[in-house]
Amino acid sequence: MKIAVVGGGVVGLSVAWAAAEAGHQVQLIDAAPGSGASWVAGGMLAPVTEAWPGEEHVLALGSASLDRWPDFAARLEKNGGLRTEGTLVVAVDAADREELDGVADFLGRLGREVEKVNAREARRLEPSLGTSVRSGLLVPGDLAVDNRVLLTALRKAAVDAGTQPIAVAATSVSAGEVLLANGSTVDCDVVVLAAGAWSGGLYEGLAKVIRPVKGEVLRLKARDGALDPPKRTVRALVEGRQVYLVPRDGRGLVLGATQYEAGFDTEVTVGGVRDLLRDAERVLPGIGEYAVVECAAGLRPGSPDNLPLLGWLEPGVLAATGHHRNGILLAPITAEAVVDLLAGREPPEPARAADPGRLLAVSNGGG
């Protein structure tokens, strides 16, 4: 079949690669593939430490995709930037510790692997942690990836598999057709809509379903004489606020967790930078000696229930969007689900809860 994948972020690139390897003729439509939220992301593969009561389907889908990540990464250059050191979640005050205990109890009931550690044990695991850290959870199974290494590897893999890039923005999609910003069209058998936060503007039925969620991220680097960054991902609760610190090669560190409902605003704010640095310094006091390398903001594609939309919107149009914070985590299972659906097969069982029909009937006024 002729497949047009609209969107060249981590989801679109993964889908294009998988579909091309499955024997389809694939065109990837994006004016700037590998940019957007995928380029800004922290790269956490953390279904367990992002788990929340009431979102068990999100946890199941994320866990299933994480299981696929080692094989997925092994087929990419530089192992796709995968890091396997695990994750440490820490709490700063008594209320944070109580919330962390609640998360541990919830995960324990679900049979997820977490280990409670006290303050001293947390600092033994990560000596750069400050004395304000009260307790922690060690989650060895939650991993991370260097998103920029990953995007470069995915672009190469997709093209090597036969994907044809079209460096023009799409303006709308419909069954068998993509209208481009230059006025031309791309004809195909199936459109796969993987345009992230912009998906709602390309397909009318998603206008009230997919929304942009702004997130600001800082990239830092330890200067000479500064303490090394942590070896593993550190997620922290600081007076109820979340912050994450994800290590990179070369003594780099990605710092993030701001989240705003601000439309399509991608400007970095002074307040966002201030809040990130304030909370991070509570966790890693030595971060004040680091260099600021980059400040950026990305737009995550949010959905009403934090599950993505994976499935048919209508004959000839497939959705692979709405992944919110989990686009990188869910890339392997999303690509697998799309290839299954193109072949007329059922997608993997955990992906079935993400069928778009659960939301489209409500958004379009149905029951």
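Arg232 and Glu126 are both buried. The model is a predicted one. In it, the side chains of Arg232 and Glu126 form a salt bridge, with 2.8 Å from N to O. Distant parts of the chain are linked by this pair: Arg232 belongs to the loop between strand S14 (211–222) and strand S15 (233–238), while Glu126 belongs to the loop between helix H5 (119–125) and strand S7 (135–139), 106 residues apart.

### Salt bridges

The count of salt bridges comes to 26.

| Pair | Closest N and O atoms |
|---|---|
| Asp249 and Arg83 | 3.1 Å |
| Asp305 and Arg358 | 2.7 Å |

The salt bridge of Asp249 with Arg83 has its closest N and O atoms 3.1 Å apart. Because Asp249 sits in the loop between strand S16 (241–248) and strand S17 (252–256) and Arg83 in strand S4 (residues 82–83), the pair ties together parts that are 166 residues apart in sequence. The two partners fall into separate accessibility classes: Asp249 counts as exposed, with a relative accessibility of 66%, whereas Arg83, at 14%, counts as buried.

For the salt bridge between Asp305 and Arg358, the closest N and O atoms are 2.7 Å apart. Asp305 is found in the loop between strand S18 (290–302) and strand S19 (309–314), and Arg358 in helix H10 (residues 357–363), so this pair joins parts that are 53 residues apart in sequence. Asp305 is partly exposed, its relative accessible area being 27%, and Arg358 counts as partly exposed at 24% relative accessibility.

Salt bridges with shared partners also connect Glu239, Arg241, Arg274, Asp275, Arg278, Asp279 and Arg282 into one network.

### Packing of helix H1

Two packed helices are described by the angle between their axes and the distance between the axes. Helix H1 (residues 10–21) and helix H6 (residues 147–160) have axes that come within 8 Å and cross at roughly 30°. H1 is therefore roughly parallel to H6, as angles under 35 degrees are classed in this way. The crossing of H1 past H6 is left-handed. On the H1 side, the contact is made by Val10, Leu13, Ser14 and Trp17; on the H6 side, by Leu150, Leu151, Leu154, Arg155, Ala157 and Ala158. These residues comprise eight nonpolar, one polar and one charged.

H1 also packs with helix H9 (residues 327–342), at an angle of about 40° and with the axes 8 Å apart. H1 and H9 are therefore oblique to each other. H1 passes H9 in a crossing that is right-handed. Val10, Val11, Ser14, Val15, Ala18 and Ala19 of H1 make this contact with Gly327, Ile328, Ala331, Thr334, Ala335, Val338, Val339 and Leu342 of H9. By class, the contact of H1 with H9 contains 11 nonpolar and three polar residues, and no charged ones.

Glu239, a member of the salt-bridge network, is not a glycine, yet has a positive phi of about 55°. Glu239 lies in the loop between S15 and S16 and is partly exposed, with 44% relative accessible area.

His324, likewise a residue other than glycine, has a positive phi near 50°. The loop between strand S20 (317–321) and H9 holds His324, which counts as buried at 11% relative accessibility.

How values were computed
Residues are numbered from 1 along each chain as its sequence is written. This is a predicted model: local features need pLDDT of at least 70, side-chain atom pairs count only at pLDDT 80 or more; totals for chains, interfaces and linings use all residues. Side-chain values use heavy atoms; hydrogens and water are left out. Axes are lines fitted to C-alpha atoms, for helices over the stretch in contact, and angles run from 0 to 180 degrees between N-to-C directions. Helices (H or I, at least four residues) and strands (E, at least two) are DSSP runs, numbered from the N terminus. Angles under 35 degrees count as roughly parallel, over 145 as roughly antiparallel, 65 to 115 as roughly perpendicular and the rest as oblique. A crossing is left-handed if the near helix is turned anticlockwise from the far one by less than a right angle, and right-handed if clockwise. Contact means heavy atoms within 4.5 Å. Ala, Val, Leu, Ile, Met, Phe, Trp, Tyr, Cys and Pro count as nonpolar, Asp, Glu, Lys and Arg as charged, and the others, Gly among them, as polar. A salt bridge is a side-chain nitrogen of Lys or Arg within 4 Å of a carboxyl oxygen of Asp or Glu. Buried means under 20% relative accessible area, exposed over 50%, partly exposed in between (1.4 Å probe, protein chains only).
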